[in-house]
Amino acid sequence: MKLFNEPLPEEVDSAVRDLLCECFPSDREVFSHTRYWHGSVPTYSLVYREHNRLIGYIGVVVREIKVNNVFITIAGIQNLAVSAKLRSKGVGRQLMIEAMNEALGHDIQYGLLFCIPELEHFYASLGWIKTREKVMMADVKNITMFKELADGKFPRGNIDIQGRDW
Ligand SMILES: CC(C)(COP(=O)(O)OP(=O)(O)OC[C@H]1O[C@@H](n2cnc3c(N)ncnc32)[C@H](O)[C@@H]1OP(=O)(O)O)[C@@H](O)C(=O)NCCC(=O)NCCS
């Protein structure tokens with residue numbers, strides 16, 4: 001697994017976009033041009049390769065969001081993807097764990113992600129919790145989950161992600 005800051009080397013960026021087109025076919029239009037969902041540039045990314053082929057990717061967008069009107073810094077999961085032929089071997093899990101370890105290493109206390117309800121169980125098995133609070137964002141969809149990366153409790157109250165999802 002390799003960590004990258006932006007910008008990714010062009011050949012890596014291109015291989016990641018190919019992987020995202022494969023894993024999110026309905027968003028091919030976007031991912032054939034950019035990894036930056038809604039223009040959000042990840043602060044760092046992790047790439048997983050096997051036999052020199054890029055088969056796993058995760059981006060992490062560090063953002064200030066407001067919870068109950070107080071700003072907190074979160075590590076937002078962007079574009080977790082594993083090539084279909086190599087799924088169910090724990091690569092997705094490992095990308096999630098390493099991405100959040102890296103965030104904690106930068107003293108970021110919380111993770112935040114948006115996902116389809118079908119994936120709640122997968123993320124819950126990694127310690128993520130579906131919020132029951134109201135989430136304010138430009139495009140409301142999916143469910144929102146958070147993770148406490150250290151001892152601090154995720155604040156309670158309405159969550160305002162301050163714009164569009166990543
Ligand atoms: C989600 C994803 C990254 C998981 O990668 P992975 O390497 O297979 O993950 P792991 O091997 O660590 O864990 C696999 C588990 O994830 C869960 N899972 C994955 N996709 C799922 C789905 N669509 N619905 C329900 N559970 C799912 C299952 O519990 C699965 O366990 P199983 O293999 O025993 O069925 C991969 O399926 C993927 O790229 N999917 C398409 C893109 C996507 O939806 N990304 C997440 C965006 S929020």
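Predicted model: local features only at pLDDT ≥ 70, side-chain atom pairs only at ≥ 80, totals over all residues.
**View 1. Val-61 stands opposite Gly-76 in strand 4.** Residues are numbered from 1 along each chain as its sequence is written, and side-chain values use heavy atoms, with hydrogens and water left out. Strand 3 and strand 4 pair in the antiparallel sense over eleven bridges; two strands count as paired if DSSP finds at least two bridges between them. Strands (E, at least two residues) and helices (H or I, at least four) are DSSP runs, numbered from the N terminus. Where the hairpin of strand 3 and strand 4 turns, two residues lie between the strands, and Asn-68 takes a positive phi near 55 degrees.

**View 2. Strand 3 also meets strand 2 and strand 9.** Follow strand 2 (residues 44-50) and you will find seven bridges joining it to strand 3, the two running antiparallel. Tyr-48 stands opposite Gly-56 in strand 3. This hairpin, too, has two residues between its strands, and His-51 in the turn has a positive phi of about 50 degrees. Strand 9 (residues 159-160) pairs with strand 3 in the antiparallel sense over two bridges, with Val-67 opposite Ile-159. Strand 3 itself (residues 53-67) is mostly covered, eleven of its 15 residues being buried (under 20% relative accessible area; exposed is over 50% and partly exposed is in between, with a 1.4 Å probe and protein chains only).

**View 3. Met-100 sits in helix 3.** Is Met-100 buried or exposed? Met-100 counts as buried because its relative accessible area is 4%. Leaving aside residues up to four places away in sequence, Met-100 touches Val-60, Ala-75, Ile-77, Gly-111, Trp-128 and Leu-149; a contact here means heavy atoms within 4.5 Å. Gly-76, which we met opposite Val-61, is 24 residues from Met-100 in sequence and 9.5 Å away in space, C-alpha to C-alpha.

**View 4. Aromatic rings come together in pairs.** The structure holds seven aromatic pairs, one of which joins Phe-24 and Phe-31 in a tilted arrangement, 5.7 Å centre to centre and 45 degrees between the planes. Rings of Phe, Tyr and Trp (its six-membered ring) pair if their centres lie within 6.5 Å; planes under 30 degrees apart count as stacked, over 60 as edge-to-face and the rest as tilted. Phe-31 is buried, with a relative accessible area of 1%, while Phe-24 is partly exposed at 27%. Phe-146 and Phe-154 form a stacked pair, 4.5 Å centre to centre with 15 degrees between the planes, and both residues are buried. Ring pairs also link Phe-24, Phe-31 and Trp-37 into a cluster.

**View 5. The largest pocket holds about 780 Å³ of space.** On a 1 Å grid over the protein atoms alone, a pocket is an open set of points where a 1.4 Å probe fits, with protein on both sides within 12 Å along at least five of seven lines; lining residues have an atom within 4 Å of a point. Grid points are joined across faces, edges and corners, and the volume is the space filled by probe spheres set on the points. Which residues lie nearest the centre of the largest pocket? They are Phe-24, Asn-79, Leu-80, Leu-119 and Tyr-123, out of 31 lining residues. Strand 4 (70-82), helix 3 (91-105), strand 5 (110-115) and helix 4 (120-124) each supply at least two residues of the lining, and the largest share, six residues, comes from strand 4.
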